[in-house]
Amino acid sequence: MTSTSVDREPPTPEPASGEPASGEPASHESSRESVIRELGTLAHRLRLHHPPETPCTCRPPQLLADRPDGTVVRSGPVVAKAHAADIDREALAARLALASAPALSGILLAPLTTPGTPDTAGAVPRPVTFWPYGTPVDPRDPDAAPWADAAVLLARLHRTVSPLPLPAPPMRGPVKAARAVARMAAALPGDAELLPVQAAWHALPAWARGEAAPPAARSGFLCHGDLHLGQLVRHPAPDGPWLLIDVDDAGLGDPAWDLARPAAWYAAGVLAPEDWLLFLDAYRSAGGPAVPAEGDPWPQLDVPARALTVQTAAVALAKCAAEGREPDEMEQLMIDSCARIATFPPELAAGSAS
């Protein structure tokens, strides 16, 4: 079984006839629409090929994603992203500098925004950045998923020394996992369905829960922090080379974290063995430092893969609670994996990848 959609949240569809989305108060929906409209306007203004004195015949802005951690709107070749309201703005500026650095050219999509761009006023009191549009992975064609390309990009990223004059911020993968677990607990307080996921979470070492620094020998690599197929685009569109996007979680950390989601999907039966081996072999062939060039990769991957299993299951349970539905097949596989992980001796999780 192969999937390109696990942990990829689709954009929230526009409600019909101006009615609020199900379960949302009208004031919230009005604010959301204002944010989307203003982002579209801002992106439209950056269209350098659009002469201001000519009548506008551009297509309306397109909503690409709408989540608490980011609202993304496209206008032609320009994409505007409103980041989370509570994001660390200094760290975001450092991550934009990373994506803009010549050393990362051909690995990370470079922003149109310059580091340190001020927050946008009006309906978007959140940091807003601008990016060139790239063609994303087609979720309808999982057999064409660029696993090898993703692996090579990761290997190149992990081998690159940070070009920033000051230390890069820490990779936020473990913090993101912790937020997912907290979101799940808030969505289903006291629900017995959470117990295996929480048990698997507490069996992890503190660094994998975002409560301590990772082992020193593995904490100094440039990492993406949130790798999945939704984080790749072809640029220039439509058929340029693949590049990594979304640097909100990028920084210094354990490079095994970037391999952990595909590893977790493979272990759970979500990702086909041939796709996992294609990904792993391409990463090793490109000199990636997260795992040994030969032999068993799991001593390095075990803890991060468990953490991503928990994160995926936690996100799934929170979404199911919000949408009033049961987990689908792939979500249930990840939840069931947590139940298996929770039965393993905690010292195995604590001792791996250390």
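The largest cavity in this structure holds about 50 Å³ of space. By cavity I mean a set of points, on a 1 Å grid over the protein atoms alone, where a 1.4 Å probe fits but cannot get out. Grid points are joined across faces, edges and corners, and the volume is the space filled by probe spheres set on the points. Rolling a probe the size of a water molecule over the atoms shows where empty space is left.

Before going on, the ground rules. This is a predicted model, in which local features need pLDDT of at least 70 and side-chain atom pairs count only at pLDDT 80 or more, while totals for chains, interfaces and linings use all residues. Residues are numbered from 1 along each chain as its sequence is written, and side-chain values use heavy atoms, with hydrogens and water left out.

Back to the cavities. There are two of 30 Å³ or more. Which residues line the largest cavity? They are G173, K176, G225, D226, L227, W257, R261, L308 and Q311, where a lining residue has an atom within 4 Å of a point. Helices (H or I, at least four residues) and strands (E, at least two) are DSSP runs, numbered from the N terminus. By class, the lining has three nonpolar, three polar and three charged residues. Here Ala, Val, Leu, Ile, Met, Phe, Trp, Tyr, Cys and Pro count as nonpolar, Asp, Glu, Lys and Arg as charged, and the others, Gly among them, as polar.

The second largest cavity has a volume of about 40 Å³. Around this second cavity are L98, L104, L108, L157, L222, C223, H224, A250 and G251. Seven of its lining residues are nonpolar, two are polar and none is charged.

One of those residues, C223, is buried, because its relative accessibility is 2%. Buried means under 20% relative accessible area, exposed over 50%, and partly exposed in between, with a 1.4 Å probe and protein chains only. C320 is also buried, at 4%. On cysteines in general, the whole structure has zero disulfides, a disulfide being a pair of cysteine sulfur atoms within 2.5 Å.

Next, helix α4. It has 15 residues and reaches 21 Å from its first C-alpha to its last, close to the 21 Å expected at 1.5 Å a residue. The expected span is 1.5 Å times one less than the number of residues. Which residues of α4 are buried? G173, P174, A177, A180, V181 and M184 are. They cover an arc of only 115° around the axis, so they lie on the same side of α4. The arc is that of the directions from the helix axis to the C-beta atoms.

Now some loops. Between β7 (232–234) and β8 (242–244) sits P236, and the peptide bond joining H235 and P236 is cis, with omega about 0°. P238 is found in the loop between β7 and β8 too, and the bond from A237 to P238 is cis, with omega near 5°.

D246 lies in the loop between β8 and β9 (251–253). Its phi is near 65°, a positive value in a residue other than glycine. Is D246 buried or exposed? D246 counts as buried, at 17% relative accessibility.

Last, P127, in the loop between α2 (89–100) and β4 (128–132). P127 is buried, with a relative accessible area of 5%. The C-alpha atoms of P127 and H83 are separated by 5.5 Å, although the two residues are 44 apart along the chain.

Definitions and conventions:
1 Å grid on protein atoms, 1.4 Å probe; cavity = no way out; pocket = protein on both sides within 12 Å on 5 of 7 lines; lining within 4 Å.
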